[in-house]
Amino acid sequence: MATTRSMSTRQQEPMSDADRIWSELSVGVDSILNRSEEGFEKALYVRLYTGVYNFCTSLKSSLPGGTYYTPADASSTVHGSMYGRQLYTRLNDHVSQYMIQVAEKSREFSGDDLLSFYNREWIKYGDAAKTIHHIFDYLNRHWIQREQDEGNNVCDINTLMFRLWRNNFFMDVRNSLLESVFSLMKRIRDGQVADLNLVKSVVDSFVSLGSDDMASGSKKMEVYDSYFLKPFIEGSRQYYEAECERVLKEGSIRNYMIWVFDRLKEEDDRAEMYLHESSLREFGDALNKVLIGKQRASLISEFKPMLQAREKDDLARLYELLKRLGETAGLEPLRDTFRSFVEDAGLEAVKKVCGEQEAAEGNANKSRLFVQALLSVHELYSGILHDSFKDDPGLSKALDHACQKFINENEMCAGKDNNAARLLANYCDTLLRKGNATARAAGEAGASSEDNLEKQLTQAICVYRYLKEQDVFQVAYGRFFARRLVNEQSVSSHGEEMMISLLKEVSGMDFTSRLSRMFSDITVSKEMSERFKETMRDKRGDDFEFDMKVLNTGSWPLKAPETKLKLPAELDRAVDQYLEFYSKSHSGRRFNWLWQYSKAEIKMFFPKATGPAAKTGYLFQVSTYQLAIMMLFNAESGPGTGYDSEDGPTLTFGQILTATELDKDTALGELEVLCKARVFNTSDGNKATDTAQYTLNSGYKSKRMRMNLAGLRKPDAKKDAKDIQKSVDQDRSMSIQAAIVRIMKARKQLVHRELVQATIEIIKLFHPQISDIKQAISKLIDNGFLARDEDNRDVYNYLA
């Protein structure tokens with residue numbers, strides 16, 4: 001029994017040491033809690049840290065063989081666990097008592113004073129918790145870590161400190177604290193001055209208090225979400241419901257929209273200052289539902305009047321507000337309205353142009369007015385899209401759909417031969433052809449002609465992007481381009497190259513490579529002509545200049561003439577000389593002469609001319625056909641009679657046909673131009689007929705010494721349209737066949753319906769008709785590329 005008492009006495013001795021050590025520790029903890037902002041000496045920090053270490057490790061035990069101290073971590077953990085838990089419990093109880101005293105003191109404050117007190121205590125306590133956490137580091141690293149590894153509900157000292165704040169102070173004062181926060185926020189929303197930083201500090205403490213996860217199933221933001229965010233959102237909802245009712249009673253929905261826009265901007269700015277980032281979306285959605293969602297229909301009803309009045313600022317506000325409701329609820333109704341409104345505006349603009357007298361004065365004016373009407377609508381609503389809607393993808397798509405609709409389906413494009421693609425090609429030709437300065441003058445004031453041309457061509461490409469039949473434009477533009485080059489009517493080489501570059505960005509190389517080859521042919525031809533002139537300078541005795549253009553048949557959309565032509569002897573000699581020169585550097589090439597595109601300048605002396613014309617004569621620019629006819633009136637080459645007459649020779653229609661070998665219609669057309677210009681007189685009152693006789697107008701007079709007769713005979717617009725459509729149909733047929741072959745080569749076998757659908761999807765240049773696809777399939781079957789399946793006639797097989 002004596003031995004037992006002796007052991008009991010020795011077991012109690014460490015407890016007295018623990019009390020002594022804790023007594024020193026508790027004084028240090030009090031000093032840190034009450035005066036953390038003042039700091040403390042390093043010696044005190046070391047003494048407290050050592051005290052924690054001694055409390056956890058130095059246990060005085062009595063075992064057989066003597067009395068000694070054993071570090072707890074080196075023995076069986078039973079004693080270490082007991083003393084670690086004892087220290088942990090003592091700290092928990094001590095800090096709890098301190099927090100209860102702080103809670104008692106907080107009852108002396110309310111409103112902003114309570115917020116200030118809370119913030120001061122929070123800052124002070126946070127510093128103290130950090131210091132105490134470091135002082136008790138040995139306990140954290142050993143006993144607490146071991147308890148956590150074993151799955152026990154023990155947290156580190158820092159987390160314990162904030163848990164004690166929450167349980168002993170925050171839970172006691174939270175209702176008063178929230179009332180103070182809500183009161184301060186209401187004053188700010190009402191326009192009064194208040195310190196928003198007080199709210200921010202309180203909210204930050206809520207976030208920190210909920211950041212522990214020591215309890216099973218607890219949420220990281222449970223304090224913030226449960227005790228602040230939900231009540232705050234509900235209070236904000238009630239506040240703004242009352243405010244909305246007041247504002248709507250006092251003003252219109254337009255005023256309400258402006259008020260909501262400003263309020264939401266203020267709330268967003270404030271929320272970023274004091275709310276946690278994870279809750280910004282939830283808070284914003286709650287405000288959106290109250291301020292925007294309940295008035296959604298009324299706000300949307302204002303969209304169309306704003307568009308009509310072009311109120312960009314209000315449109316921007318409305319867009320920003322409805323965007324907050326999401327794609328389906330907010331923006332989709334705007335997109336539908338925007339699309340239909342722009343479409344109606346475009347159709348109305350074209351209809352207005354159709355009613356103008358100027359539009360009936362030729363294709364050039366018609367196409368110019370048409371394209372300018374389209375651009376005016378597109379530029380207006382593209383500006384609104386950019387300035388008010390921030391180039392929203394959905395609204396941009398709605399604009400594209402509307403533009404494609406009114407550009408391709410409008411009153412001016414009702415006929416097949418008068419569609420948007422041809423009008424646009426005509427407009428581009430007007431811009432790039434000489435003699436149309438009026439069309440190019442519509443650019444920006446003060447800008448150079450090149451800058452204006454570049455801007456107008458860029459605008460034309462904008463319209464081109466919306467064309468449903470881009471292949472029609474390509475064929476028509478290619479023909480206009482060829483004529484400009486052949487007739488040397490391009491306003492500038494830079495302009496032509498610029499247009500090719502712009503088209504290349506949109507259509508790729510397939511189309512523009514052909515244009516580039518045409519451009520290259522003209523350049524090479526100029527170089528060849530210069531070399532020919534150098535070679536023939538000393539050999540030729542003809543007193544005229546001669547230029548030849550050699551064009552690659554595969555690149556140019558030009559057809560051989562439908563009539564024969566017997567060239568005048570002088571011109572025939574020059575042609576033979578050029579062919580001899582050309583064959584020396586290029587062999588094996590066959591020439592097709594395009595006389596209908598050739599021109600000449602001829603100087604004529606009329607027998608009865610007076611004044612300067614009697615000495616210098618008149619200079620006419622004529623077609624090659626006109627040249628051949630006019631040269632017949634020279635005495636040395638003409639088949640007529642009366643060359644020595646004062647009034648000049650007389651030729652019959654038959655003599656002209658025989659001498660030139662022109663067909664009847666071509667000859668009549670050229671003679672009609674010459675008669676209207678009063679160069680020739682006829683027996684039928686200056687009307688060209690196949691029975692008339694033609695006499696040189698010996699008394700021809702004109703104030704102009706130089707005249708262009710070649711341009712008086714305009715191209716047959718109907719024939720051009722027919723040729724364009726024929727070329728388009730041929731190209732489309734080949735494109736559809738090529739698309740079908742590509743599809744079948746990859747798929748090997750397809751049902752008819754799937755093949756038709758795949759063909760429609762793969763062709764982007766135009767919208768193929770189902771009937772055209774069926775015809776293409778039939779041609780491919782006839783040509784051995786496809787075959788119908790023997791078991792199912794609705795299935796096609798690819799034949800390699």
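**Close-up views of a predicted model**

**Figure 1. Gln-474 counts as buried, because its relative accessibility is 12%, and buried means under 20%.** The model shown here and in the other views is predicted. Gln-474 sits in helix 20, which covers residues 470–486. Leaving aside residues up to four places away in sequence, Gln-474 touches Tyr-464, Ser-507, Phe-511 and Leu-765.

Figure 2. The chain has 800 residues, and buried residues make up 45% of them. Contacts between residues at least 6 apart in sequence were also sorted by separation: 70% of them join residues at least 24 apart.

**Figure 3. An open sheet has 3 strands in the order 5-7-6, with antiparallel pairing.** Its edge strands are strand 5 (650–652) and strand 6 (680–682), and each of these pairs on one side only. On average, neighbouring strands of this sheet are turned by 30 degrees against each other, direction ignored. Strand 7 spans residues 693–696. Strand 5 and strand 7 run antiparallel and are joined by 3 bridges. For Leu-651, the bridge partner in strand 7 is Tyr-694.

**Figure 4. Helix 26 lies across strand 5 and strand 7.** This helix is formed by residues 653–660. Its direction is at about 80 degrees to strand 5. The loop between helix 26 and helix 27 (664–676) holds Glu-661. Glu-661 has a positive phi, near 65 degrees, and is a residue other than glycine. Is Glu-661 buried, exposed or partly exposed? Its relative accessibility is 39%, so Glu-661 counts as partly exposed; that class lies between the cut-offs of 20% and 50%.

**Figure 5. Strand 4 pairs with strand 3 and with strand 8.** Strand 3 covers residues 599–604 and strand 4 covers residues 618–623. These two run antiparallel, with 6 bridges between them. Lys-599 has Ser-623 of strand 4 as its bridge partner.

**Figure 6. Ala-613 belongs to helix 24, residues 612–616.** Why does Ala-613 count as buried? Its relative accessibility is 3%, and the cut-off for buried is under 20%. Apart from residues up to four places away in sequence, Ala-613 touches Phe-605, Tyr-618 and Met-705. One of these, Tyr-618, falls within the residue range of strand 4 (618–623). Ala-613 and Arg-704 are 91 residues apart in sequence. In space, their C-alpha atoms are 9.7 Å apart.

**Figure 7. The second largest cavity holds about 30 Å³ of space.** Rolling a probe the size of a water molecule over the atoms shows where empty space is left. The count comes to 2 cavities of 30 Å³ or more. Which residues line the second largest cavity? They are Leu-374, Leu-375, His-378, Ile-407, Cys-462, Val-463 and Tyr-466. By class, this lining has 6 nonpolar residues and 1 polar residue, with no charged residues. Helix 15 (363–387) and helix 19 (449–464) each supply at least two lining residues. The largest share of the lining, 3 residues, comes from helix 15.

**Figure 8. Lys-390 lies in the loop between helix 15 and helix 16 (393–408).** What is the phi of Lys-390? The angle is positive, about 55 degrees, although Lys-390 is not a glycine. Lys-390 is exposed, because its relative accessible area is 56%, and exposed means over 50%. Helix 15, on one side of this loop, is also the helix that gives 3 residues to the lining of the second largest cavity.

Note on methods. Residues numbered from 1 in each chain as written. Predicted model: local features only at pLDDT ≥ 70, side-chain atom pairs only at ≥ 80, totals over all residues. Heavy atoms only, no water. Pairing = 2+ DSSP bridges. Helix = DSSP H or I, 4+ residues; strand = E, 2+ residues; numbered from the N terminus. Axes fitted to C-alpha atoms, helices over the stretch in contact; angles between N-to-C directions. Contact = heavy atoms within 4.5 Å. 1 Å grid on protein atoms, 1.4 Å probe; cavity = no way out; pocket = protein on both sides within 12 Å on 5 of 7 lines; lining within 4 Å. Points joined across faces, edges and corners; volume = space filled by probe spheres on them. Nonpolar A, V, L, I, M, F, W, Y, C, P; charged D, E, K, R; others polar. Buried < 20%, exposed > 50% of the residue type's maximum accessible area, 1.4 Å probe, protein only.
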